[in-house]
Amino acid sequence: MLHDAHGWWIAEAGPPPALPPLAEDTEADVVVIGGGFTGLWAAWHLFEAEPGARVVVLEADRCGFGPSGRNGGFVQSMTLSRRTLHELYGVRAGDELVAASEETVRAIGAWCEAEGVDAWYHAAPHLVVYAAPGHDDKFGAPGEGVVALDAAQVRARCDSPLFTGGLEAAVGATVHPARLAFGLRERLLARGVRVHEGSRVRALDGSVVARTDAGFRVRADAAVVAVGPASGALRPLRDRLTVSSSHIVLTEPVPDVVEALGWTGGEAISDGRTLLHYLRTTRDGRILFGWAGGRMAAGARPGGRMDVDPEVIARARGDLVRFFPALAGRRVERAWGGPIDVSPTHLPFVTTLPGGRAHAAFGYTGNGVGPSHLAGRAVAALALGRTGGPAALPIVGPPPRVPPEPLRVMGSAAIRRALVAKEAAEQDGRRPNPLVRALAAVPERMGMHIVR
């Protein structure tokens with residue numbers, strides 16, 4: 001099994017040649033910092049709204065090489081969060097946000113078709129399955145756009161012996177995330193957007209001057225900051241997110257197993273854990289299996305075990321076979337991981353930084369492929385000085401705070417360990433001890449979410 005920090009998606013897609021770094025001072029209407037989904041979609045929406053706009057994208061590494069190009073490829077809406085959205089924003093605003101997120105799922109597919117980008121977009125429902133005792137108690141009555149499924153209905157979609165029921169969100173899709181990111185980059189270049197890779201921004205001042213490691217500057221009227229888990233490096237956002245990690249194992253092609261499971265509809269599946277498992281098939285008959293139970297990062301320093309954690313990978317591999325016993329003896333060819341920017345509410349935020357000319361989007365909590373398109377629209381609208389439409393979505397505004405360091409990483413790590421122990425006990429039919437239960441309940445009591 002190859003442990004690969006960049007993941008299989010990037011290798012399969014065959015990354016395009018690297019673009020040259022910024023090599024001179026320049027001016028722009030908008031500078032976009034970050035070449036993942038949020039930054040690339042923001043650049044796309046900027047150019048769609050203002051075709052003559054001078055847009056410069058600065059990416060520290062390669063576009064799509066970060067979390068955007070190595071996630072599970074789930075294009076999810078916010079439908080399953082409807083009840084939380086009602087509590088946070090009210091019924092009308094919550095429903096409008098759900099509708100916008102569902103339209104985003106469809107819009108990504110329409111974009112791929114219109115632009116001729118083969119990102120393996122496949123529209124299919126998203127299933128949340130009950131795979132351990134207590135999962136069915138975590139979710140209330142299904143709301144609009146969600147249907148409850150019994151064990152027979154779930155296992156007709158994917159016949160794991162663990163599945164005892166679940167929920168189906170009708171609007172969903174899967175993509176090949178690296179192909180989507182590379183396709184976006186190429187379409188932006190074709191439209192005249194300047195994209196510089198290997199151009200890490202070390203400073204962004206209030207007059208909107210972005211300075212790279214090499215000392216070159218982009219002076220702009222506005223800035224979009226789209227750096228995901230690294231957002232905490234910005235002082236105004238330091239106490240607005242937590243950084244966790246998620247890891248994936250990928251099998252060899254196993255079309256016979258997929259066929260025997262009846263998993264032929266391409267559904268994206270996650271289970272009812274807080275530190276959830278997520279699983280899907282690929283176009284060439286592999287099974288991708290992820291676990292969002294990785295370690296917490298200190299401050300804004302994702303890396304190391306965030307990218308490849310052998311302990312987490314081993315656990316994910318064991319759970320893969322527990323879910324699908326027919327995979328015993330079949331090869332797991334690749335394993336990789338990546339950091340997650342975790343929002344206290346489990347929802348992304350779009351916010352304006354002090355000075356009023358720089359705007360940031362972050363906090364996807366492992367569900368960014370779909371919402372990044374929506375947040376990209378919102379942050380682009382703000383950069384253009386607009387106040388209506390996507391700029392007025394409920395996710396636009398100051399995000400809530402999380403505890404400061406070192407309390408944040410110490411507390412988060414303790415809660416993570418408690419959640420791992422609690423969910424392992426529940427999986428085995430044991431009752432977690434009182435201390436574990438108490439620690440695992442802390443985020444909910446504080447109105448916060450660790451991953452789900």
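## Phe182 and the aromatic pairs

At 7% relative accessibility, F182 counts as buried (buried means under 20% relative accessible area, exposed over 50%, partly exposed in between, with a 1.4 Å probe and protein chains only). This is a predicted model, in which local features need pLDDT of at least 70, side-chain atom pairs count only at pLDDT 80 or more, and totals for chains, interfaces and linings use all residues. Residues are numbered from 1 along each chain as its sequence is written, and side-chain values use heavy atoms, with hydrogens and water left out.

A search of the whole structure gives 11 aromatic pairs; rings of Phe, Tyr and Trp (its six-membered ring) pair if their centres lie within 6.5 Å, and planes under 30 degrees apart count as stacked, over 60 as edge-to-face and the rest as tilted. F65 and F182 form a tilted pair, with 6.2 Å from centre to centre and 45° between the planes. This pair links distant parts of the chain, 117 residues apart: F65 is in the loop between β3 (55–58) and β4 (74–76), and F182 is in helix α6 (residues 177–190). Helices (H or I, at least four residues) and strands (E, at least two) are DSSP runs, numbered from the N terminus. F65 is buried, at a relative accessible area of 9%. Elsewhere, ring pairs join F163, W263, F289, F323 and F324 into a cluster.

## Cysteines

The whole structure contains 0 disulfides, a disulfide being a pair of cysteine sulfur atoms within 2.5 Å. C63 is in no disulfide, and its nearest cysteine sulfur, that of C112, is 17 Å away. C63 counts as buried at 2% relative accessibility, and C112 counts as buried at 5%.

## The second largest pocket

The second largest pocket has a volume of about 260 Å³. On a 1 Å grid over the protein atoms alone, a pocket is an open set of points where a 1.4 Å probe fits, with protein on both sides within 12 Å along at least five of seven lines; lining residues have an atom within 4 Å of a point. Grid points are joined across faces, edges and corners, and a volume is the space filled by probe spheres set on the points.

The lining of this pocket has 15 residues, of which H122, G266, T281, T282 and R283 lie nearest its centre. Both α7 (255–261) and β16 (277–281) supply at least two residues of the lining, and the largest share, 3 residues, comes from α7. The lining divides into 4 nonpolar, 8 polar and 3 charged residues; Ala, Val, Leu, Ile, Met, Phe, Trp, Tyr, Cys and Pro count as nonpolar, Asp, Glu, Lys and Arg as charged, and the others, Gly among them, as polar.

K138 is placed in the loop between β6 (126–129) and β7 (146–150) and is partly exposed, with a relative accessible area of 31%. Leaving aside residues up to four places away in sequence, K138 touches R83, G272, R273, T274 and E423, where contact means heavy atoms within 4.5 Å. K138 and G272 are 134 residues apart in sequence and 7.3 Å apart in space, C-alpha to C-alpha.

E426 lies in helix α10 (residues 407–427) and counts as buried at 18% relative accessibility. Not counting residues up to four places away in sequence, E426 touches P133 and P432.

## Positive phi angles

V208 is not a glycine, yet has a positive phi of about 60°. V208 is found in the loop between β11 (201–204) and β12 (209–212) and is buried, with a relative accessible area of 2%. H346, also not a glycine, has a positive phi of about 75° and is placed in the loop between β18 (332–342) and β19 (349–352).
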